[in-house]
Structure formats: C-alpha cells, structure tokens
Amino acid sequence: MEKSKYYYSGKFGIERETLRVDSQGKLAQTPHPFGSDEHITRDFCENQIELVTPVCHSIDEALCSLSELDRRAREVLAEKGESIWLYSNPPHIESEDEIPIADFTGDHSSKRSYREVLHRKYGKKLMLFSGIHFNFSFAEEYLRELNTENEDFHAFRDTLYLRLYKQLILHSWLLVLLTAASPCYDASLDKDGMSGMIISRYSSMRNSERGYWNKFLPILDHRSLRTFTGSIKKHIVTGSLYSASELYLPIRLKPKGVNSLENLAAGGVDHIELRMFDLNPSAPLGIDSRDLKFAHLLILYLLSQPDFDLTPALQEKAAAEHKNAALLEPDIKLLERGAAMIDEMAEYFSDNEEAQQIIGFEKNKINSNACFSKTSMNYAL
C-alpha cells in the first residue's frame, strides 16, 4: 500500500538534560548562568542545564538546533571554568547540600515550590539523573487523511494519540534496551561520603527500579482522553501525586502551550513525548541521530497496530518490562522479542532504504549484545 506523502512528516523537538561541573568534575556551585532563556534552562536544580530546541520539521533540523544550543552553552561555561557532564548518572556528590533547588522566582515561584515537594518526597539525588526527551507530532495533513469518517477532528486526533500512547507504554522497553548507556555510577549515590566507580546491575539506572518512578504505579484509565485526564486528576485529589508533572511514566501526552492537566483536558493532545533516552557519551550531542530516527519509525509502526485495552495488569507488565530492559543482563526472552519486533519493522518499511539502514543499525545492537553488557560499559568508561 502506497504511503501518504505526509507519512514521514511531522514536528520534532529535543530536550536534553545535563549537569554543570567544575574543573574538578564536581557539581558546579554557581547560579544558573543563562537568565530566563527559554531554550537554555534547568529542571530540578541550579547546577543542571536543559537545552530545549524549538519545534522543528525533521530530526536532523532538531539536532542542528540542539548543536547550536550546545555550542552557546559550552562557550558560557568555558568562561566560568565549567563544562557539561556527559553521563546520565551524576558525578561524585559529598552531600545533598551540593544540589541547590532551581531558584525560580516571581511568576515562576510555584516551580520552586513543586521542586521542594519532590525534594521531601524523593530526595535530591534522584533528580540528578539526566537524559533526553524526544517530542513528536504528526503532520496535521496526515491526520486529516486518516480521518476517513470525517469525525470531529480534535476528537479524532485525541483518540489517535491515546491509542499510540498505549502502544508506546507497552513497548517502551525496546527503546530502553537499545539506548541504555549508564551502567557505572559513583558510590556517593548510595551513601554520602563514599567514592569510587561501581558497575551496577543496570545498563540504565534512570530507567531501572532505582530511577524515575513514583512510589506506587499510577493505574490510569485509557478509554478516552476525558477518562485518562480524570484518572490522573483522581491521583492528585487523593494526594498520591502533587501534580500531573509528578507522573513518572516513560511516555507523556502533551498539550499545546503550558503543560498542565487542565490544558490537556480542554485543548486536547498536541504531541507525544518519549522520556527514556540515556545520554550517550560517545555521541557528540548525547544522542545518536539513528536512535531518534528509529524511535520515529517505531511510532509509525505502532500506529499501524490494532488497538487494545491497556488493562491494569498490562500497565503493571509494561512497567516491569521497562525496568527489566534497564538491567545490564535483561531477560533473554525480552531480547528475543526485541529482535523479532525489529524484523517485523524491517518488513513493514521494506520500501524505504534509509529506514532499512536505521533498523539494521539497531538490530546489530541486539545481535552483538551491544544494547547491554560490555558495550554499555564502554559508553560509561
């Protein structure tokens, strides 16, 4: 079947979190040096940098934008004798006193209040794990072509993204398996004052059971966007979550403009966010373009798959498999399923030479065990 001319089109964005370190490789203790620049900001703490690209029309364009932001950030840091830490796991930490909460003030003071809640609930060290978030939306022209029954466009769009969200939640383990790159960590993560490199049981600590997860697994209702946002709100009302931002799942549905649950419920889905990518220290910008392009292909492939009911049992299974994929030696059955799924994708995109090269790149990781064990350790070392 011939694909639409808009099939591979869309809007793309990258957010890259890193830490600022001084000349000794310790967390920089200087204030965030980039003012209110919306593209060079920070998330939890002052000694973090988050580079946020504008909305782009291709992955290559987004990486070019990230490269320019990276250049600007490094120039400013070099003048201060500081640099960017290349790894998802943080450097040595003497104590949590070295992790100042991001000093948002004025109209953004609520952001600081939220981060203080996270500090009390999870501790500061967890918030130092850094990675890359990949944002994507389909071309509107493509969505309108898919809407063959002439449904209300906004309702159709929300249903489509929710269907994709369920597929990505169920298969997020595959992207962890292929992009995990942080098996080594400093002993100070375990206890203040300790030092020395530890090779952990995880290929990606931030995606593992020790990483970014809530203290419980929030079970959500995926029947519609209304029930989905309602089930998140229920967790907030009961006090299980402080806000929707505290929902630590690897995939998010995002609205246009301010990222709030109210905005999502009222305005619908604008794009989808994949949050599981480790920083790859062997890639100049922390991410290999082929990994992002594979994620885009995975999105397109999963959209072609039949809808299903993401039951509470499947939600628990998805979280367990995501954490399993973050092990240095994941379940062999997961590796076999990953290889089979990649083969299915190769068949699905058999008419696209570039897609074949990208899929082949990822398949080689599984065939050579490069998605875990030795190669992941080489990334970290």
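Q: Where does Leu 225 sit in this predicted model?
A: Leu 225 belongs to helix H5, which covers residues 225-237.

Q: Why is Leu 225 called buried?
A: Its relative accessibility is 10%. Buried means under 20%.

Q: What does Leu 225 touch beyond its neighbours in sequence?
A: Residues up to four places away are not counted. Leu 225 then touches Asp 158, Leu 162, Leu 264, Gly 268 and Val 269.

Q: What makes each of these a contact?
A: A contact needs heavy atoms within 4.5 Å. Leu 162, one of the residues touched, therefore has a heavy atom within 4.5 Å of one in Leu 225. The C-alpha atoms of Leu 225 and Leu 162 are separated by 7.0 Å. Along the chain, Leu 225 and Leu 162 are 63 residues apart.

Q: Which helix holds Leu 334, and why is Leu 334 called buried?
A: Leu 334 is in helix H9, residues 332-348. Its relative accessibility is 5%. The limit for buried is under 20%, so Leu 334 qualifies.

Q: Which residues is Leu 334 in contact with, leaving aside neighbours within four places in sequence?
A: They are Trp 173, Leu 177, Glu 321, Asn 324 and Ala 325.

Q: How far apart are the C-alpha atoms of Leu 334 and Ser 368?
A: They are separated by 15 Å. Along the chain, Leu 334 and Ser 368 are 34 residues apart.

Q: What makes the phi of Asn 150 worth a note?
A: Most residues other than glycine have a negative phi. Asn 150 is not a glycine, yet has a positive phi of about 55 degrees.

Q: How do you know that the size of the chain agrees with a compact globule?
A: A compact globule of 381 residues would have a radius of gyration near 21 Å. The chain has 20 Å, which agrees. Along its principal axes, the C-alpha trace spans about 60 × 50 × 40 Å.

Q: What else describes the chain as a whole?
A: The chain has eleven helices and nine strands. Buried residues make up 55% of its 381 residues. Among contacts with a separation of 6 or more, 73% are between residues 24 or more positions apart. The accessible surface is about 17000 Å², with 50% belonging to carbon and sulfur atoms.

Q: What makes a space a cavity, and how many of 30 Å³ or more are there?
A: In a cavity, a 1.4 Å probe fits but cannot get out. The count is three cavities of 30 Å³ or more.

Q: What lines the largest cavity?
A: This cavity has a volume of about 110 Å³. Of its 14 lining residues, the closest to the centre are Ile 169, Leu 217, Leu 249, Gln 315 and Ala 318. H4 and helix H8 (312-325) each supply at least two lining residues. The lining has eleven nonpolar, three polar and no charged residues.

Q: How do you know that the lining of the second largest cavity holds charged residues?
A: Asp, Glu, Lys and Arg count as charged. By class, this lining has eight nonpolar, three polar and two charged residues. The cavity has a volume of about 70 Å³. Of the 13 residues that line the second largest cavity, the closest to its centre are Arg 16, Leu 86, Pro 284, Leu 285 and Gly 286. Arg 16 is an Arg, so Arg 16 counts as charged.

Technical notes:
Residues numbered from 1 in each chain as written. Predicted model: local features only at pLDDT ≥ 70, side-chain atom pairs only at ≥ 80, totals over all residues. Heavy atoms only, no water. Helix = DSSP H or I, 4+ residues; strand = E, 2+ residues; numbered from the N terminus. Buried < 20%, exposed > 50% of the residue type's maximum accessible area, 1.4 Å probe, protein only. Rg over C-alpha atoms; globule rule 2.2 N^0.38 Å. Areas by Shrake-Rupley, 256 points an atom, 1.4 Å probe, with all protein chains shown as cover. 1 Å grid on protein atoms, 1.4 Å probe; cavity = no way out; pocket = protein on both sides within 12 Å on 5 of 7 lines; lining within 4 Å. Points joined across faces, edges and corners; volume = space filled by probe spheres on them.
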